[in-house]
Amino acid sequence: MSVNVSCACGAAYNLKDEYAGSRLGCPRCGAAILVPALPPAPPVRFQAGDTAFAQDKFLLNERHFGISEKYAVLDKEGASLMFVERPNYIFLNVLAIFGGVIAGIINLIASGVLSHLVKVLGLDPLLGVLLTLWAKLGSFFVAIAAAQALSKRRHITVYRDDSREEVLLRIAQDSNIQLLTASYTVTGADGGRLALIYKKRLRNIFRKRWYVLGPDGPLCTAQEDSIILSALRRMVLGFLGLLHTDFMIYSPGGQVLGEFSRRMTLRDRYVLDMTPDSRRSLDRRVALAFGVLLDTGENR
Ligand SMILES: [Zn+2]
């Protein structure tokens, strides 16, 4: 920023901030010029909830032990802020997959029997063709939908620390079935609903995008950082695990609010950097929930 000031003699000056509010001598006529003070900086939004959320930068340190996904959340100096857990019900979910496969097989057999009946009874042959098609393609979707319906939802909880005594934030998986849309509801420690975070799977095939909806409308979106890297990740590099997905976070107006990065140099340590949103227009509880989902809700 700079300060514009003009002297009575007509000379105009564009001065650095540090001269704001001071008295200078005009270099042209020598008269005293009073440089106006800077307008007050826009106020930083009050961060509701626990003071641990009053940060612009969060480090998410993934912990590899046990079968659940766990993260230690640290501040930019590396001090512990919170603990995040997303349980993984491996045994129950293997059962769910098994149930899905059975449902798929039942669909396969049932539509096979029906298409045979159509032939025997001499009904419209088109019906038989459709049934054969459904047996082949539909059984796959039935299997996935049934497995998802039977699976246990994986709600995420943010705790004060790894003693898990005090809950600071909850991120609930809204539905078992997430074929087209995966959505999560964020609630504060008091149970108040803060946001709905979701992605549309078909849209994500080419470039990943997530949406955050507050009680009064859209809060922000996140988009995979570059279309070229998006393409590369879906080809060789992604399979080799060489390129992690980074997201840019935008306000509804398209301004950059922050960034979620999983750089190779920071293996298993992800950074949610909301520094561009210095006024904290985005509630940091929602921002943190978003960061956790951009990792855990993405690749698994
Ligand atoms: Zn002057």
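**A walk through a predicted model**

With 19 C-beta neighbours inside 10 Å, Thr221 counts as partly exposed.

Thr221 sits in strand E13, which covers residues 217–224. Tyr211 is 10 residues away along the chain, yet the C-alpha atoms of Thr221 and Tyr211 are separated by 4.5 Å. Leaving aside residues up to four places away in sequence, Thr221 touches Arg209, Trp210, Tyr211, Val212 and Tyr250.

Thr181 belongs to strand E10, residues 181–188. Is Thr181 buried, exposed or partly exposed? Its C-beta count inside 10 Å is 15, so Thr181 is partly exposed. Here the residue to look at is Arg201, 20 residues apart from Thr181 along the chain, with 5.8 Å between the two C-alpha atoms. If residues up to four places away in sequence are not counted, Thr181 touches Tyr198, Lys200 and Arg201.

Now the chain as a whole. The protein chain has 5 helices and 16 strands. Its radius of gyration is 28 Å, while the globule rule gives 19 Å for 300 residues, so the chain is more spread out than a compact globule. Along the principal axes, the C-alpha trace spans about 105 × 50 × 40 Å. Of the 300 residues, 24% are buried. Among contacts with a separation of 6 or more, 44% are between residues 24 or more positions apart.

H1 has 32 residues, and from its first C-alpha to its last it reaches 46 Å, close to the 46 Å expected at 1.5 Å a residue. Which residues of H1 are buried? They are Gly100, Gly104, Ser111 and Ser115. H2 is part of what covers them. Just after H1 comes Gly122, with a positive phi of about 65°.

H2 runs over residues 125–150, which is 26 residues. At 1.5 Å a residue H2 should span 38 Å, and its end C-alpha atoms are 35 Å apart, which agrees. Where does H2 bend? The place is Gly138, and the bend there is about 40°. The buried residues in H2 are Leu131, Ser139, Val142, Ala143, Ala146 and Ala147. These buried residues pack against helix H1, residues 90–121.

The next stop is the nonpolar core. The largest one has 42 residues, and Val286 and Ala289 touch the most other members. Helix H5, residues 284–299, supplies the largest share of this core, 8 residues. Ala289 touches Leu169, Ile171, Val186 and Ile197, again without residues up to four places away in sequence.

How many of the 5 residues in strand E2 are buried? The count is 0, and E2, residues 12–16, is hardly covered. E2 is joined to strand E1, residues 2–6, by 5 bridges, and the two run antiparallel. The hairpin of E1 and E2 has 5 residues between the strands, and in it Gly10 takes a positive phi near 105°.

While you look at the strands, one general point. In a regular strand, side chains alternate between the two faces of the sheet.

Last, two arginines in loops. Arg164 is not a glycine, but it has a positive phi of about 60°. It is found in the loop between strand E8, 156–159, and strand E9, 167–173. Arg164 has 11 C-beta neighbours inside 10 Å, so it counts as exposed.

Arg280 is not a glycine either, and its phi is positive, about 55°. Its loop lies between strand E16, 269–273, and H5. How is Arg280 classed, and why? It counts as partly exposed because it has 19 C-beta neighbours inside 10 Å.

H1 and H2 are one, with the buried residues of H2 packing against H1. The remaining one is the hairpin of E1 and E2, with Gly10 between the strands.

Technical notes: Residues are numbered from 1 along each chain as its sequence is written. This is a predicted model: local features need pLDDT of at least 70, side-chain atom pairs count only at pLDDT 80 or more; totals for chains, interfaces and linings use all residues. Helices (H or I, at least four residues) and strands (E, at least two) are DSSP runs, numbered from the N terminus. The radius of gyration is taken over C-alpha atoms; the globule rule is 2.2 Å times the number of residues to the power 0.38. A residue is buried if 20 or more other C-beta atoms lie within 10 Å of its own, exposed if 12 or fewer, and partly exposed in between; C-beta atoms are placed from the backbone. Two residues are in contact if their C-beta atoms, placed from the backbone, lie within 7 Å. A nonpolar core is a set of buried Ala, Val, Leu, Ile, Met, Phe, Trp, Tyr and Cys residues joined through C-beta atoms within 7 Å. The expected span of a helix is 1.5 Å times one less than its number of residues. The bend at a residue is the angle between axes fitted to the seven residues ending there and the seven starting there. Two strands pair if DSSP finds at least two bridges between them.
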